[in-house]
Amino acid sequence: MNSDGRSVDRWGDRLLRIFWRKPAGDVAERTRRRVTLHLVPYLFFLYILAYIDRMNVAVAGLAMKQSVENGGLGFDDKILGFGIGLFFWGYWILEIPSTNWVERRGARWVFVRILILWGVVAAAMGAIGSPLGAAMFSWLPHLSEGSSWFSPAARFINRLSTSSENQFYFFRFFLGFFEGGFFPSVIVYLSHWFRQRDRAKAIATFALAMPLSSVIGYTFNAFFLRAFQGWRMIFVIEGVLPILAGITTIFLLPDRPGDARWLSAEEREWLTSELNRDTVAKRQTQHMSWPHLIFMVILLTAVYFFQNMLAYGLSAFMPRIMSSQVERLPHWFQTWFGLTSLLGGKARQDQINFVGTIMATLPYYVSFFAILINGWHSDKTGERIWHAAVPMAFCSLGVAITAALIGATPAAVLALIFISGACVYTQIPPFWSIPTMFLGAGAAASAIGFINMVGNLGSSVGPTLFGNSSDANIEQALWKIAPWSFVGAVLVVVMDAIRRGQLARRERSKP
């Protein structure tokens, strides 16, 4: 309230009454609700933009594979898979510098920089293989290719103005480079607004953005591909959005509670005192004690690496997988989607790609609800290990069943939707709770940063493995990525067995 009794956040008060019918019982609950209302939906929206921009090539790639005469680039799945994976080799570089800047200087301008630069690169991908794309690199000087150790890089740079493949690799790497600091910066930013006890719920919300962004991204990209009769506008439109969001962020995201005009003086004072109390508690723990449990951290990193191999290998080619099955679906289904015998050539392939892309959203609808159910049950029971391991194992099983039945549609499609789809992201909420089971709060934060940074490289391996085989045989490509999530599930169980053994020995050694 102001000194005259009026609310400082009248619109916020109205929304609070809509979303929470029962009034907040105290200043703690009122403040938590207000911070959630003002920050989490917008950050969630930005996270969806990030996922759409990194995975829109899964849809655009269907058209980029077509010949140059038909508006494509003549790419194959090997090129697409390597380019999709290359994103993650640029992704990890700015994670730590970005979070350090957020901690020291504030988050708002970090987000502005990240959003605008990744938007520019995403939009520039629409120029790949065009005269504009050639002009972007024509100013580069010609480098000598004589030096043996530098010659591969020199050849790559010298061909940027003429090779659409090189341009694709260049933009994918720098898209990851500029976007890489976003997710860890969000985690640090939330720590400036939520107490330790409230933080897990806020962070868990972002897990829902993964399947939701696939649903939104695949659907919108399918209609963009049809509306604009080409893939280039997908990149341009979805690159402009984060640029606009970057400008909007200047006005919507305050750095810290002291800058939030929508908090009352009482709410601001309470939140600041609570966050300061958390800070004092952190300083009393050994922040880097986790190297003493480095083996456990390495196991968790391997789990995340293997899970990402399957998850991103699957999502990067989900429209491709579904499109390959469209013509095996029942006749009534094909007729319903306009795949008549009169439709031939490029028009038929465009319609198949459209239907396949719409079908690619179905596993992620299932995943969205599965994450909610698994996260709720994990919190209710307090159990983490099996809530992470079982979905990971079943995700591999679903892909294996799909590979085995790929010629027996619709059984293969149903396995992909209802088994793999239900499990592909479901382990995320319990998985990220595991480090706190055996590490203190400060050490867990360091471990989580390490696991996220290194484990994300698995996201580059999965699409590359799939892309190297899928042109010749989708069944073989599915078999290549199928086992890895199961391997991760086994490692989770092994890690827990080691942890339990250590605790048992510690108990026995007590006098």
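Student: Which residues touch the most other members of the largest nonpolar core?
Tutor: Trp118, Phe168 and Trp193 do. That core has 136 residues. Keep in mind that this is a predicted model.

Student: Which helix gives the largest share of this core?
Tutor: Helix H15, residues 294-325. It supplies 17 residues.

Student: Back to Phe168. What is Phe168 in contact with, leaving aside neighbours within four places in sequence?
Tutor: Val57, Met64, Phe75, Ile79, Leu80, Gly83, Ile84, Met125 and Ile128.

Student: New topic, helix packing. At what angle do H2 and H9 pack?
Tutor: About 165 degrees, and their axes are 11 Å apart. H2 covers residues 27-55, and H9 covers residues 164-179.

Student: So what do we call that, roughly parallel or roughly antiparallel?
Tutor: Roughly antiparallel. Angles over 145 degrees count that way, so H2 and H9 qualify.

Student: Which residues make the contact?
Tutor: H2 brings Ala50, Asp53 and Arg54. H9 brings Arg172, Leu175 and Glu179.

Student: How many of them are charged?
Tutor: Four are charged. Two are nonpolar, and none are polar.

Student: And the crossing, left-handed or right-handed?
Tutor: The crossing of H2 and H9 is left-handed.

Student: Now H19 and H20. Within what distance do their axes come?
Tutor: Within 8 Å. They cross at roughly 165 degrees. That makes H19 roughly antiparallel to H20. H19 is residues 385-404, and H20 is residues 411-423.

Student: Is that crossing left-handed or right-handed?
Tutor: H19 passes H20 in a left-handed crossing.

Student: Which residues meet there?
Tutor: From H19, Pro391, Phe394, Cys395, Gly398, Val399, Ile401 and Thr402. From H20, Ala412, Ala415, Leu416, Ile419, Ser420 and Cys423.

Student: How many nonpolar, polar and charged residues is that?
Tutor: The contact of H19 with H20 has ten nonpolar, three polar and no charged residues.

Student: Last one, Asn452. Which helix is Asn452 in?
Tutor: Helix H23, residues 441-455.

Student: Does Asn452 count as buried or exposed?
Tutor: Buried. Its relative accessibility is 5%.

Student: What is Asn452 in contact with, beyond neighbours within four places in sequence?
Tutor: Glu95, Phe183, Tyr304 and Trp432.

Notes
Residues are numbered from 1 along each chain as its sequence is written. This is a predicted model: local features need pLDDT of at least 70, side-chain atom pairs count only at pLDDT 80 or more; totals for chains, interfaces and linings use all residues. Side-chain values use heavy atoms; hydrogens and water are left out. A nonpolar core is a set of buried Ala, Val, Leu, Ile, Met, Phe, Trp, Tyr and Cys residues joined through side-chain atoms within 4.5 Å. Buried means under 20% relative accessible area, exposed over 50%, partly exposed in between (1.4 Å probe, protein chains only). Helices (H or I, at least four residues) and strands (E, at least two) are DSSP runs, numbered from the N terminus. Contact means heavy atoms within 4.5 Å. Axes are lines fitted to C-alpha atoms, for helices over the stretch in contact, and angles run from 0 to 180 degrees between N-to-C directions. Angles under 35 degrees count as roughly parallel, over 145 as roughly antiparallel, 65 to 115 as roughly perpendicular and the rest as oblique. A crossing is left-handed if the near helix is turned anticlockwise from the far one by less than a right angle, and right-handed if clockwise. Ala, Val, Leu, Ile, Met, Phe, Trp, Tyr, Cys and Pro count as nonpolar, Asp, Glu, Lys and Arg as charged, and the others, Gly among them, as polar.
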